[in-house]
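Hello,

Here is the structure we spoke about, with my notes below it. Please keep it open while you read.

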Amino acid sequence: MAIGFVVGVAGTGLVMRRHGATGLLPATPARLLADPASAEDTDSIQVDDLPVALLVLGRSGRLLHVNASAQAQFAEGLGTMIRHPSLQRAVADLRPGMVSEVRIETDVPVRRVVQAFVKTGQWKGQAACGVVLFDATDREMLDRTRSDFVAHASHELRTPLAALIGFIETLQGPAANDAAARLKFLGIMARQAARMQRLIDRLLYLSRVQMLEHQRPQGHIVVADLFARLHDELQGRPAEDRADIIIHPAPPGILRGDADQILQVLVNLCENACRYGRPLPPATARIEIGAEWEDTGELRLYVRDNGPGIEPHHLPRLTERFYRVPQASVRNGNDQGTGLGLAIVRHIVDRHGGRLELASTPGQGTCCTVVLP
């Protein structure tokens, strides 16, 4: 016997009634004994209580009902998904008794991939469609992270790994008894190993950020506490990484967000300023960090340096993974970094619904501003 589901209403909740070829299946005696009050609502399920994201759309594509799971999982992005052309087309073209699977990709407010299963039914006696949504963003992000690691990380690791192998072979051969050469090579090897470690740490952190990017943070950030933690973090840096850092007094106030991630944003921006924002001698590196509230209720966090600045044509690409400004432009010796710091910043800011603004004038320094709602 073919079995389908018809969406309807029982009491105050959304229900799905199971139907066979001859109509409603009769309730079994066991069910009547277990739940006598449900005899009139034969074999019905309150789908509002199910842990499944479910929508009810009219055949015209108009939203008729959203259950609690759908609201909790998709919140701000739900309207974009409902209006997505692929879903609207599936609802309009779906034939009775068929199930259509639709892939929905959205970029507002962040990239999200959702699998939707659509089936015809009834809502309050009228033709409608039940839509079950499954969030496939995490799976998609994991696949992308794997491919990125193979394509980019393996290339980035090749140079320091080749250097380590070369120095090890030299120490095992021609320089086996050369104490001066051994001391010099071990220092270089330590720096190359630290470079690989930093790259792997950044890749792992970036993957964690991307896995959470489509979920709005629910915590709260006290701005004064954030600046106090930043001060402690910067004090713990090695002396050679420090500069004349000025942290302006934090304005009072609280905003919604992930305090650990926003701290990481400021730390990454400060690290970039210390590494690439140093002016030519005899000038002293100076980095300013501050925050201010806008009339719109947004908070502006900025990190400003007095370094060599960046050419305008590099600015649009600075947040790309593994993109680095050529050495001649930043004048920072041999330290090229990982090319992941600003990519991490961008993904965190996107998760918070904010924006990242980069402004730089060659010879006058760079200012990175994070605007948070």
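Lys-119 stands opposite Gly-130 in β9. In this predicted model, Lys-119 belongs to β8, where Val-99 stands opposite it. Val-99 is part of strand β7 (residues 99-106), which pairs with β8 in the antiparallel sense over 8 bridges. The pairing of β8 and β9 is also antiparallel and has 10 bridges. Of the 12 residues of β8, 9 are buried, and the strand is mostly covered.

The hairpin of β8 and β9 has 2 residues between the strands. Most residues other than glycine have a negative phi. Is Lys-124 buried or exposed? Lys-124 has 61% relative accessibility, so it counts as exposed, the cut-off being over 50%.

Phe-322 also has a positive phi, about 70 degrees, although it is not a glycine. This residue is in the loop between β14 (299-305) and α9 (327-330). Phe-322 has a relative accessible area of 12% and is therefore buried, since buried means under 20%.

The last item is a helix. Helix α8 covers residues 259-276, which is 18 residues. From its first C-alpha to its last it reaches 26 Å, close to the 26 Å expected at 1.5 Å a residue. Asp-258 caps the N-terminal end of α8, with a side-chain oxygen 3.0 Å from the backbone nitrogen of Asp-260. Because 13 of the 18 residues of α8 are buried, the helix is largely enclosed by the rest of the structure.

Regards

Notes: Residues numbered from 1 in each chain as written. Predicted model: local features only at pLDDT ≥ 70, side-chain atom pairs only at ≥ 80, totals over all residues. Heavy atoms only, no water. Helix = DSSP H or I, 4+ residues; strand = E, 2+ residues; numbered from the N terminus. Expected span 1.5 Å × (residues − 1). Buried < 20%, exposed > 50% of the residue type's maximum accessible area, 1.4 Å probe, protein only. Polar contact = N/O pair within 3.5 Å; in protein donor to acceptor, adjacent residues only side chain to side chain. Pairing = 2+ DSSP bridges.
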